[in-house]
Amino acid sequence: MSVIKPYQFLSKEKIEHLANDLLMRMQGTPNFPKWPGVADRAVNFLKLGMDSVKIPDQNGRPVAARIYPTQRLIQINEDIPKLQQDRGFEASTIAHEVGHWVLHINQDEADGIVEQLELSLDCATTEQPFLCRDVGERIALSSPKTQADWIEWQAQYFASCLLMPRYKLEEARRGRDLTNWNHLYAMRDELGVTISNLTNRLQDLGWIDIPKGSKQIYLRNTGFNR
Ligand SMILES: [Zn+2]
């Protein structure tokens, strides 16, 4: 057994279930789920550490963040200004690393083994400043090609489910019009995510549709439209 699990297929349902399971385990603890800031609370609940350091590019690509399993440590790249300036982007990056911890790391092994201290999962970005979000968007357009792409997709899908569980979205949308951008921006602030995190999640859930290249939002699931 190694610290990082071998690649396995995970369905969206399975990933969402694991994110909900984490939120459920956080209930009734000092780190109970609360928005915004649920990603930081998950980090504390899981007893992971976090710091900001300079992370060098890898293969010419900026690395947004990485996780050292045996040190239970998430490192955020302080050289990416957007991580300091955009709280939603920072939350998405942290939740993505939590996703790697839950989905891809053998936690018993991580606690027991000291020889593999140097092993890390680096989250590199292919396009600019943005690693994790770009991964999500890129993969939304064209399907992941390599297992490494899929691992990144899984972590990002987990992040989306953790930051925006259905029950929280249903609560946040109450009294709001999902076809109104001002209302979506208010939800973004309430949840502590980026606007693209939110619109991607709502489209993935089939609640809204925003045709590519358009700013027009269409309501898809009228079941909630009351
Ligand atoms: Zn990653």
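Here is a tour that starts with the whole chain and then goes from stop to stop.

**Before you click**

This is a predicted model, so local features are described only at pLDDT of at least 70 and side-chain atom pairs count only at pLDDT 80 or more, while totals for chains, interfaces and linings use all residues. Residues are numbered from 1 along each chain as its sequence is written, and side-chain values use heavy atoms, with hydrogens and water left out.

**The whole chain**

Show everything as a cartoon: there are 10 helices and 6 strands. These are DSSP runs numbered from the N terminus, with at least four residues (H or I) for a helix and at least two (E) for a strand. Of the 226 residues, 47% are buried. Buried means under 20% relative accessible area, exposed means over 50%, and partly exposed is in between, using a 1.4 Å probe and protein chains only. Contacts here are heavy atoms within 4.5 Å. Among contacts between residues at least 6 apart in sequence, 64% join residues at least 24 apart.

**Stop one: helix H4**

Select residues 87–104. H4 has 18 residues and spans 25 Å from its first C-alpha to its last, close to the expected 26 Å, a figure that comes from 1.5 Å times one less than the number of residues. Why is H4 largely enclosed by the rest of the structure? Because 17 of its 18 residues are buried.

Now zoom in on the start of H4, where a side-chain oxygen of Asp86 comes to within 3.0 Å of the backbone nitrogen of Gly88. Then pick Glu90, also in H4: at 19% relative accessible area, Glu90 is buried.

**Stop two: over to Thr194**

Thr194 sits in the loop between helix H9 (181–191) and helix H10 (195–204). Is Thr194 buried or exposed? It is buried, with a relative accessible area of 6%. Leaving out residues up to four places away in sequence, Thr194 touches Asp86, Gly88, Phe89 and Arg188.

**Stop three: the core**

Next, select Leu22, Val98, Phe158, Leu162, Leu169 and Leu198. Of the 54 residues in the largest nonpolar core, these touch the most other members. H4 gives the most to this core, with 8 residues. (A nonpolar core is a set of buried Ala, Val, Leu, Ile, Met, Phe, Trp, Tyr and Cys residues joined through side-chain atoms within 4.5 Å.) Stay on Leu198: beyond its neighbours within four places in sequence, its contacts include Met164, Leu169, Leu184 and Met187.

**Stop four: helix H2**

Select 38–45. Which residues of H2 are buried? They are Val38, Ala39, Arg41, Ala42 and Val43. The buried residues of H2 pack against helix H1 (12–26), strand E1 (49–53), strand E3 (73–77), H4 and helix H7 (147–163). After H2 comes Lys47, with a positive phi near 55°.

The C-alpha atoms of Arg25 and Ala42 are 9.8 Å apart, and Arg25 is partly exposed, with a relative accessible area of 41%.

Terms used: A polar contact is a pair of N or O atoms within 3.5 Å; within protein, one must be able to donate a hydrogen and the other to accept it, and residues adjacent in sequence count only if both atoms are side-chain atoms.
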